[in-house]
Each structure stands twice: as C-alpha cells, then as structure tokens.
Amino acid sequence: MRQFFCVVLVVAPLAAAQKSLKPISAPREATVKAVYFKGRGADATGGTTRVSIRLSPNKSGESSVGVMEEFSGGTGAMWRTATWQAAIGASAFNKVPLTDYEFLVRVGGHIDGPSAGLLMASTFVALQRGKALKPNTTMTGTINPDGSSGPVGGIVQKMRGAAADGVTRFGFPSGGREQLDITTGERVDLLALAQQLKIEAKELRTLGEAYEFLTGEALPPATLLPESELELTVEEAAGFKLMLQKAELDYQKALDEALPDFRRAEERDPKYVKGVLEALAGFDERARKFASQGQIVSAYFERVTEMRRLYYFRASIKGWLAWADSDFDDLKRQLKRASAAFDEIDVLAKEIDTLFPPKNLVNDLYAFDLLEDAADSLATAVRIESERKKLEQIFSDMKAKPDDAETRKLIADRTQATLGTAAALRASMENARRFASLYSSLQPVSGVTRSKGVAATRIARTLQASGTASLGYFDALVVEPAGAQAGLNLEDARSAVAKVDGVYENALLYQLLLDRSVGTERMRFVIAYRFNIESSSLNNLYYSLGGKLLAPGAGIEIGNKPALTMQLDLARQSTLESCAGAKRAGWIPLMSRARAMDARAGREGSDADKNSALVSYWFAKFWCDAVQGTIR
C-alpha cells in the first residue's frame, strides 16, 4: 500500500439501494444547453451552446467515448477530458460497466473548458436510466473524482447569458453562491441574481443532486456507514502495530549503518549533515505524535516516509564522499548498483503474483494495492535511468574533476540526486512486502473470495484513455501558457514544468510506460489507474482549487480554501456511502480503512496535508466501490 501525496478520478457516489439497470437496446439522445462565458473585464459575456448527448449499445467490449464537432477545432482538450470524466462518473453512479455503452457528444459552434462536466455526467445518468430531462434546464460545474461538483469561473455571465437564451432553471457548484461579476469586479449573490432574472437557481453538491435537478426524480436517501466502522478491526490494528514496530526497528538499524558515513561527511560539511539529521528528526517527531494520538496508520506511513529519506540521504552522502575524494571508480560502482532497481521491482511483482494469483476479486485487489509500490518504483527507475547512464559514462571518462566550480557542483548535485532517488526505492519495496505479509494473514468473507476478478486489460485501456485526456487538459491549462510565456515549445515546456511538479513528471512517465506496454497485465492496470489519478489530481488542484506551488520543497498553497473544505466534507460522505455498500457486499477492505483513517488524520493540517487527505478519501472510496463490482 502506497501513501498518497496527490489527487484522483474514477468513481461517483452511488445511489442507495439502487436497482440494476437493464442494458439499452437502442440509442437514446437528449439535447442540452451548455453555458459559457468569453471575454475579459467589461467585455465579458455569457451564452449557451446546443449540445446533443447520445448513448448507444456497445457490443465491442471496449470503451467508446467520443466528441463530434460542427467545426474543426470546435472543442479542445479540456472539453474532451470533461466528456471522459462524465462518462466514467455516470457509469459508476449507476453501477454499470462503462463498456456497455457508446458515449457521443455533438457540439455546435466553439466551446472548451471543463465546466460542462456536471451537465454531461447528469445527462448520461438520465439516459442510462431512461429518464426525460426537465425543459430549459442547465448547470455549470466540473465533475470531481468522487462525483462532487467542482468550482468554475464566470458564473454570473453564464447565468445572465443562459437566461437570455431561454433557460429557466440553472444549477451551479455548491459553495459558489457568492461570485465575482467579471464586468464590474463586484461580488454577486447568485440566488439574488436568479430572482432578478426570474429563473430558478440551485446549488448542486453532487452528481446525484445534479441528476435530481435535471430530471425531477428523487433518489432514495444515502445510507452512510458509521465512521466508527471504518476503524481497523482487532486483527488489522494488531497487524499495523507489528508493521510499525518492524519499521521502527528497520529504521534504527539503517540509521546505525548510516552513521559512519554521516560522521565522515560531518568532518567535511557539518552544516549539511546537521540539516539532514534535523530533517529526519522531523519525520520521527511526526510519527511519534501520530502514535501517541492513537493514529497508528498515519504513524506507520510517516515511518515509511522517514525510511525513504534516510535511504536517500545515505546514498547521496556516499556519492558525495566518493566525489570529494575523486574516487571515480567507486562512483561507477555505486551507479552500477543503482541499476539493480529494475531487477528488484521485477522480483517484487513476481512475489505478489505468487502470493495472490489472479483467481478472485480479493486477490486482485490485494495485488493491485501492493503493486502500486512497484509501479511507482518502476516509474522512478525509468525517470533516473537515462541520467544514471550519462553519469556512469562521465565517470568512466573522467581522470580529474573539472576546473570550473559550476560544472563540478552540477555533476555532484546530479550524482547525489540520482543515487539517492534509486536508494529510496528500497523503502517502497520493503513497505509492499510488509503489507503483503499482513494481507496474507487476513481472512475476508468467503462470499467475496468467490467473486470474479477484475478484467484488468479492458479497464486499463479505459483508464489510460481517460488519463491521456486529463493530461492533455493540464497541458492546455498550465503547460502551454507557461511555455508561451517563456518562449518554449511544448516538449521543452513539459520538461520545465516536470522539474518543479513531481506529480506531472510522474504522469508523463506513466504515459510513456503505458505506450510501451511495460510489465504484466496487472502491472499495466496499476500504472493506468495511477496515471489516471495523477493526471486528474493536477487538474483538480490547479483548476478547481486554485492551487499553486510554493518554493521548491515548500509544498502547495490552495487559493480556494472553501472549495477544499467542501470537497473534504463531500469526499468523507461519499466514502462512508460507498463503504456501506461494500459492507452489504460482504467486505470493507483494509486498504479502504487505512486510507480513510489517514485522511481523517490529515484534515486539520496544512494545505498539502488537506490535499493529501482528499486523495486518501477518494482512494478509500475507490476500493469500496471495487468490492461492489464498479471496476470489473
């Protein structure tokens, strides 16, 4: 099980006690008015574009989501991403396979952006359920990974333009009632504006509420699992305590082994070593604090993070010492050992397949969770391999250090970063093996063990397609404007953004691995779903939450803090709703319990902590949805 530091996609809140839908036998279609705004300042205006949304039977067994345009270039990457997320979210909401349908959106005129996601998703839900739409109704808002509505801009102009185009019922994202009027710079109460325009307006929190507003059909109230039932069972808690104790012993042993290298380095640069030890002490303090509060899951995750940093620092210091001594042969040996990560990842993946062969749902979910460490390690190994080979060649040719101080520093920094990053992978693989041991000791309900496994290849293709759309959206939203401002082409702009945002860098690597069909069927599934997660998280952070990176290593700052608070509340609720369904199906998996507990621990922290908590809730819900068959 991997600890998550970033954000995600995939499944929407499920209606309680919802009946299974019958497959459709003929196409169904509805026409809606998507709202937009354009222009700046006093010239900003809003309006609507007619969008035909069509649902057809799909006998291919492959995902099929498409956009048709009236004019070439009539839509863009953001619109395509919103269409994919709407199709996936609607299918998850109705608990039907995405591949049962062909989703097609026809767009008139020119429109782009993610703000029609909630409208398209609720329309897809209605078409799947065979429900008619209420006339002259529209809405704006993104569709988030857990089915909540996300903030969008220009709603005042959109509402005015919609009213002028005959819309009489207008929905907008929850928490966005007070909006900026772009033309005047003043704050506007949207409900008061709706009264002036003589239209009905409503705040919409979730896809379920959007569907009710669009069709008038009242859904049954959600059944929420009592939060106390997401606590670890006696057996799980005992297992976590043992893992924490083992991690603490492993850490102390590794620290003792590293101290001679630290002491050697301290003789040369005491300030640097002091900073390293202070950083490690910070992780230790956080782990002890969580443990003293009874938050055993977060305490364990903090220990794993501490171990990663220790391995990183020790390897980078060993490389630095060899560089300081001009021991180029030792540096080559260290770099050669770093290449062993690929073999170690392959061994771990085979161990997981042996422990949990692909014969039922439980084995698949355990294996996928464990393989996340392997997938993340593989992406990291690929990322540093080119640099590792370049450095190996440099030291093969080098007889003495360059005279230029700047060149010497550059080589030293690159070497330390490469060796440290490769060494840190060891902690991730140790973490996977601890969880593998724990999972092997747990006995889920027998009925769940008989459930069929996941169609990994089919679902992976769907997640890859959705992730590709999301990555294209982020490129259009952030990367291309940044590149244009700096005078860079797209590839150089991607490289520049990847250097300052590790989530984006990972997403690019996952895309590369998927394009090359790396690994086993299970590994590709995990890479695809991590790719989808990484790409979706970027869009949520930079668009809906108004996030921005601070100085390197200083974390993130959320511009729209009320939206983050709202998303956390809704994510908690949707997790409890989904896990109630998992309980009815016979099993609330440990990976859901652990992530929900970790989310609860991080809700009151920094912006970065809260963002991580949001991700943890989404993953807790993902696994509970999986128990109910959402991703099979």
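## Disulfide, hairpin and helix

A disulfide joins Cys-579 to Cys-624, with an S to S distance of 2.2 Å, in what is a predicted model. The link connects distant parts of the chain, since Cys-579 belongs to helix α18 (residues 561-585) and Cys-624 to helix α20 (residues 607-627), the two cysteines being 45 residues apart. The structure holds one disulfide, and with 95 degrees about the S-S bond the link of Cys-579 and Cys-624 is right-handed. Both partners are covered, as Cys-579 is buried and Cys-624 is buried too. A disulfide is a covalent bond between the sulfur atoms of two cysteines.

Elsewhere in the chain, strands β1 and β2 pair in the antiparallel sense over 11 bridges, and one of the residue contacts in this pairing sets Val-35 against Thr-48 of β2 as its bridge partner. The two strands form a hairpin with six residues between them, and within the turn Gly-39 has a positive phi of about 90 degrees.

Helix α2 has 13 residues and reaches 18 Å from its first C-alpha to its last, which is close to the 18 Å expected at 1.5 Å a residue. The helix is mostly covered, with 13 of its 13 residues buried. Just after α2, Gly-130 takes a positive phi of about 70 degrees.

| Element | Residues |
|---|---|
| Strand β1 | residues 28-38 |
| Strand β2 | residues 45-57 |
| Helix α2 | residues 117-129 |

How values were computed:
Residues numbered from 1 in each chain as written. Predicted model: local features only at pLDDT ≥ 70, side-chain atom pairs only at ≥ 80, totals over all residues. Heavy atoms only, no water. Pairing = 2+ DSSP bridges. Helix = DSSP H or I, 4+ residues; strand = E, 2+ residues; numbered from the N terminus. Expected span 1.5 Å × (residues − 1). Buried < 20%, exposed > 50% of the residue type's maximum accessible area, 1.4 Å probe, protein only. Disulfide = S-S within 2.5 Å.
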